[in-house]
Amino acid sequence: MYLLYLDDSGSADNPKEQFLVLGGVCVYERQVNHFTLELDKIARRFVPTDPASVEFHGSEIFSGRVEPWKALTKEQRQEVIKEVLGV
């Protein structure tokens with residue numbers, strides 16, 4: 001069995017937005033545990049006591065306006081995004 005995830009950014013109905021981005025991931029069920037363990041390793045660096053509380057939202061990481069991303073430089077935040085996408 002495969003698990004599918006689809007997400008969008010933007011709104012087709014909003015004339016102020018030029019783009020609508022649609023992305024998806026298809027993962028074989030036996031790979032889910034591997035992804036979880038690898039993402040938890042990354043999250044643990046930022047919130048060691050509660051890695052499950054870390055959410056890897058690209059726009060939040062990129063902007064650096066919310067915790068735990070506030071303390072990082074732009075370059076560090078970009079590296080986190082690359083690392084998460086690498087998983």
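What share of the contacts in the chain with a separation of 6 or more comes from residues 24 or more positions apart? It is 26%. Contact here means heavy atoms within 4.5 Å.

First, some ground rules. This is a predicted model, where local features need pLDDT of at least 70, side-chain atom pairs count only at pLDDT 80 or more, and totals for chains, interfaces and linings use all residues. Residues are numbered from 1 along each chain as its sequence is written, and side-chain values use heavy atoms, with hydrogens and water left out.

Now the layout. The chain has 3 helices and 2 strands. Both kinds are DSSP runs, numbered from the N terminus: helices are H or I with at least four residues, strands are E with at least two. From the N terminus on, the order is β-β-α-α-α. Along the principal axes, the C-alpha atoms fill a box of roughly 45 × 40 × 20 Å. Of the 87 residues, 16% count as buried. Buried means under 20% relative accessible area, exposed means over 50%, and partly exposed is in between (1.4 Å probe, protein chains only).

Next, two helices. H1 covers residues 32-46 and H3 covers residues 74-86. They pack at an angle of about 160°, with axes 9 Å apart. Axes are lines fitted to C-alpha atoms, for helices over the stretch in contact, and angles run from 0 to 180 degrees between N-to-C directions. That makes H1 roughly antiparallel to H3. The cut-offs: under 35 degrees is roughly parallel, over 145 roughly antiparallel, 65 to 115 roughly perpendicular, and the rest oblique.

Who touches whom? From H1, Leu39, Ile42, Arg45 and Phe46 meet Val80, Glu83 and Val84 of H3.

On to the rings. The whole structure holds 3 aromatic pairs. Rings of Phe, Tyr and Trp (its six-membered ring) pair if their centres lie within 6.5 Å; planes under 30 degrees apart are stacked, over 60 edge-to-face, the rest tilted. Phe46 and Trp69 are edge-to-face: 5.0 Å centre to centre, 65° between the planes. Phe46 sits in H1 and Trp69 in the loop between H2 (58-63) and H3, so this pair ties together parts 23 residues apart in sequence. Both Phe46 and Trp69 are buried.

Phe56 and Trp69 have ring centres 6.0 Å apart and planes at 40°, so that pair is tilted. Phe56 is partly exposed, at 24% relative accessible area. Trp69 is at 0%.

To finish: Phe46, Phe56 and Trp69 form one aromatic cluster.
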